[in-house]
Amino acid sequence: MSPPAPVETRPVRPVGPLVIAIEGVTKLYQMGEETIHALRGVTLDIRRNEYLAIMGPSGSGKSTLMNMLGCLDTPTSGKYEFNGNDVAAMTDDELAEIRNREIGFVFQTFNLLPRSDALRNVELPLIYAGVPSGERHERARLALESVGLGNRIHHKPNELSGGQRQRVAVARALVNRPSIILADEPTGNLDSKTGVEILALFEDLYEAGNTLIVVTHEEAVARHARRVIRLHDGLIESDGHVY
Amino acid sequence: MNEILKMAFGSLGVNKLRSFLTMSGITIGVFSVIGVMTAVSALRGSIETGLSFLGSNMFQFSRFPAFGVNGNSEHKYLARRRVSLDQAQRYIEFMRGSADVICLKAFANGNPLVQASYGNHKTTKGVTFGGTNQYFLKANQFEIGTGRNFSPEDVDLVRPFALIGQEIVDKLFPSENPLGKLLKANDRTYTVIGVFASKGTMFGGSEDNIIMIPISRFLMDFGAEQYSVNIATESPSQTQYNATMEKGITAMRVVRGLRPEQDNDFEIYSNDTLIAAFAKVADVVSSGAFVISAIALLAAGVGIMNIMLVSVTERTKEIGVRKAVGARKIVILTQFLVESVVLSVTGGLVGILLGTVAGDGLAAVLSAEIVFPWGWAAAGVVVCTAIGVVFGMYPAWKAASLDPIEALRYE
């Protein structure tokens, strides 16, 4: 990857109100006889319009933290508030609603529905939000235009390149105007040139006022973020502007 | 809901062959019950709207019941004495004044099959061949086309005369006038004295492929010891019907030499009893088809469940994605349930269509009226929906309960 400009020269936007407040969160897994402490007490605040990278070796609790932030999982103990709502106590359906309205996911393997065209993939969160079809088409089309795929809206995933697929996934993450965009190794399945394009897209999203959380093990990716959190053994090792 | 339906059809379209095979189980189950029910109700409709087995105001005595669910092999019937020509003639004597139109008849039992010939012309084997008297026409709604009917003397004098149907004329006398010609039937010779006017078909059998000779001659040539005479009596009017039948039964008991405590050793049928007997047969056939269909549908339901479980496993990742972007449990559950219902109802609709076509086809062959079994079709749709829901519930529930993290990680 091409080295990004030194952090001092890049604009850092003023942060907004608190979106995520995590306090003393732990997560235990029972693996047969063994109890695994995936998180041992993590405390973290994330504000609107931050660009955050979460790093850490495998087994550090990175994935668990990401699942927790994405409201796919709830903590064993500790406090997790999302926009002031207590997520830790929510039911599966309430979590689904939070994911639908507040979180946009971007996955390493894109995770598009293979049989649906780009437009339909981007519409998916809006379908579950109950948005009427006319408005849905329009918003999905605009989201695809905003990631530069306005001319590919009726292509199926297998008719698109890897970079284009990830753009569709980003459009899907954006379409419901979520509070945070949560990207899990977004460049992991892309060649370096395409990876740079996606990171440039993220930069644009950040400039436009979105909140980005990128989980990665690549320093080169993390370097684009304005704030980097390093996890080790279920605890936050460092938090700050490292570069 | 609209969106869910769209998704269901979309994903069923992906595995067209698999969906088709799964549906065909349901189709077969529904087809068999709808086919039989359509045919039965078409026949029943025809019978109840005026078709007569016997002429109007007629009742008939014979040794065996008309329709036997268990065949006529029951000991009770086999043990009965034959109704002899002598008994029949004494019956006619008794009834003189009460009923004058009394048709006697007996038909060749097919051992051996009857084949008629004239010169080099031959009929197929299995011509309807029997003996009767001058009232055959009236009792069976036949008419003479050309020539003459039997006279009482033809019967009394055991004359070797024959009345033949149009089909026999076509086969044996394609270019000749049959009247007065000698035809051979199983090595016996008969003189053609009349030709029946053509009647067409009834219940799939031609009524024109027939040769009738005097009953006395028939019993002489084919063996009186083998045959029992059927006696069909016409009441002079509808109002006297019951009284005439009562008198007839008494007369039969007298000629059969029954003591008062003995049961009738003959069957009595009228149009009503024949219709009832047919209805009984129809009920047995219907319930048979019903049981077979129930089993077929059960098997098909298990098939749907199986294919839906496979589908859930294959689409674990898709389910994970849907959940990640905010699909609630009930939405996933509904999506898969709709898929299984669409499968089974589509299969059911095809079965209803095919079953109706087959049932009505059969009805048409049997010259019965064409019907559309609305009630059975509606029941079919309801049952198929229920099958879709019942057998789709577990796979759909399994899909809805998947952990989104596990599902997303699934490869």
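**View 1. Ile22(A) stands opposite Leu44(A) in S2(A).** In this predicted model, local features need pLDDT of at least 70 and side-chain atom pairs count only at pLDDT 80 or more, whereas totals for chains, interfaces and linings use all residues. Residues are numbered from 1 along each chain as its sequence is written, and chains are lettered from A and ligands numbered from 1 in the order in which they are written. Strand S1 (residues 18-31) of chain A pairs with S2(A) in the antiparallel sense over 11 bridges, where pairing requires that DSSP finds at least two bridges between two strands, and strands (E, at least two residues) and helices (H or I, at least four) are DSSP runs numbered from the N terminus.

**View 2. An open sheet of 4 strands in chain A runs in the order S2-S1-S4-S5, with antiparallel pairing.** Its edge strands, each pairing on one side only, are S2 (34-47) and S5 (85-86) of chain A.

**View 3. Helix H10 (residues 271-314) and helix H13 (residues 374-400) of chain B have axes that come within 9 Å and cross at roughly 30°.** The axes are lines fitted to C-alpha atoms over the stretch in contact, with angles running from 0 to 180 degrees between N-to-C directions. H10(B) and H13(B) are therefore roughly parallel to each other, a term that applies to angles under 35 degrees.

Terms used
Angles under 35 degrees count as roughly parallel, over 145 as roughly antiparallel, 65 to 115 as roughly perpendicular and the rest as oblique.
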